[in-house]
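Please read these notes with the sequence and the model open side by side. They are written for someone new to looking at structures.

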Amino acid sequence: MMDVLYFAWVRERIGLPRERVETQATTVHELVAQLRAREERYEAAFEDLSALRVALDQKLADFDAPLAGVREVAFFPPMTGG
Amino acid sequence: MHISVQEAPFDLGAASAEFAAGHKDMGAIVTFTGLVRDLPDDPLDAMEIEHYPGMTEKALQAIAQEARTRFGLGDVLVIHRYGRLLPGEMIMMVATAAPHRKDAFEGASFLMDYLKSRAPFWKRETTSSGAQWVASKDEDEAALTRW
């Protein structure tokens with residue numbers, strides 16, 4: 001089980017800020033594929049990965065990063081602070 | 001180092017004065033303040049800032065530590081707000097202290113460049129024509145390559 005968090009328009013498209021996901025995915029790409037296959041709203045959120053960023057246990061990571069030992073995955077658009 | 005992620009407004013004068021006090025070995029303090037900018041063609045009702053509690057503090061801490069090491073800063077201050085803000089309100093500030101001005105300026109510039117595209121904040125602007133997430137700019141990402 002993994003905590004999956006969504007922020008900004010990713011959260012709006014999917015319709016929830018976080019959820020617990022049962023997964024066998026070994027990389028972020030595999031987790032994304034699993035989520036996309038669920039429902040149209042996930043497909044809409046993940047259709048363009050170049051517009052998304054991912055953090056594993058609160059650290060920025062790549063989509064091909066392994067998920068072994070990871071407890072929290074977050075998906076969000078490029079950041080716009082400052 | 002002082003890092004604060006808060007909803008409440010901050011007092012720029014008081015925060016700057018407090019930061020500047022007690023640094024007898026530092027000859028230069030630079031502060032930068034970011035404000036909510038109104039839109040010329042489509043007046044802004046409000047700006048909402050969302051963040052990732054937990055990761056935000058860690059990311060700011062790491063960026064501040066990197067700035068401190070790289071530019072030999074004596075101290076670093078970062079305050080960043082979230083929630084609903086009105087045009088003209090202060091969003092954030094950074095301050096750097098260094099023995100000489102060059103490192104204080106460069107340290108502040110480095111902090112801002114990294115904070116903009118590596119700290120998990122997202123802005124959404126609300127105008128009379130609706131609400132829109134602010135898109136990141138390619139130039140913000142490109143700004144990181146100069147460091």
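1. Basis. This is a predicted model, in which local features need pLDDT of at least 70 and side-chain atom pairs count only at pLDDT 80 or more, while totals for chains, interfaces and linings use all residues. Residues are numbered from 1 along each chain as its sequence is written, chains are lettered from A and ligands numbered from 1 in the order in which they are written, and side-chain values use heavy atoms, with hydrogens and water left out.

2. The interface. Chain B touches chain A through 25 residues, which meet 19 residues of chain A; contact here means heavy atoms within 4.5 Å. The two chains bury about 1,800 Å² between them, and 56% of this is on carbon and sulfur atoms. Buried area is the accessible area (1.4 Å probe) that two parts lose on being put together, summed over both. On the side of chain B, the residues that lose the most area to chain A are B:Y52, B:W122 and B:W133, together 36% of what that side buries.

3. Polar contacts across the interface. Between chain B and chain A there are 14 residue pairs in polar contact, both residues being at pLDDT 80 or more. A polar contact is a pair of N or O atoms within 3.5 Å; within protein, one must be able to donate a hydrogen and the other to accept it, and residues adjacent in sequence count only if both atoms are side-chain atoms. The elements β3, α2, β6 (90–98), α3 (101–118) and β7 of chain B each supply at least two residues of the side that touches chain A. Of that side, α3(B) gives the most, with 5 residues. Helices (H or I, at least four residues) and strands (E, at least two) are DSSP runs, numbered from the N terminus.

4. Salt bridges between the chains. Side chains of opposite charge can pair when their charged atoms come close. A salt bridge is a side-chain nitrogen of Lys or Arg within 4 Å of a carboxyl oxygen of Asp or Glu. The structure holds 12 of them over all chains, and the count between chain B and chain A is 2. In one, A:R11 pairs with B:E50, with the closest N and O atoms 2.5 Å apart. A:R11 sits in helix α1 (residues 8–14) of chain A and B:E50 in strand β3 (residues 44–51) of chain B, so this pair joins two chains. Which of these counts as buried? B:E50 does, at 15% relative accessibility, whereas A:R11 is partly exposed at 24%. Buried means under 20% relative accessible area, exposed over 50%, and partly exposed in between (1.4 Å probe, protein chains only).

5. B:R124 and A:E12 meet in a salt bridge at 3.0 Å, N to O. B:R124 is in strand β7 (residues 121–127) of chain B and A:E12 is in helix α1 of chain A, so this pair also joins two chains. B:R124 forms a salt bridge with B:E48 as well, the closest N and O atoms being 3.5 Å apart. That pair links distant parts of the chain, since B:E48 in strand β3 and B:R124 in strand β7 are 76 residues apart. Shared partners join A:E12, B:E48 and B:R124 into one network.

6. Helix α2 of chain B. This helix (residues 55–71) has 17 residues and reaches 24 Å from its first C-alpha to its last, close to the 24 Å expected at 1.5 Å a residue. The expected span is 1.5 Å times one less than the number of residues. Its buried residues include B:M55, B:L60, B:I63 and B:F71. Seen down the axis, the buried residues of α2(B) fall within an arc of 160°, so they line one face of the helix. The arc is that of the directions from the helix axis to the C-beta atoms. After α2(B) comes B:G72, whose phi is positive, near 60°.
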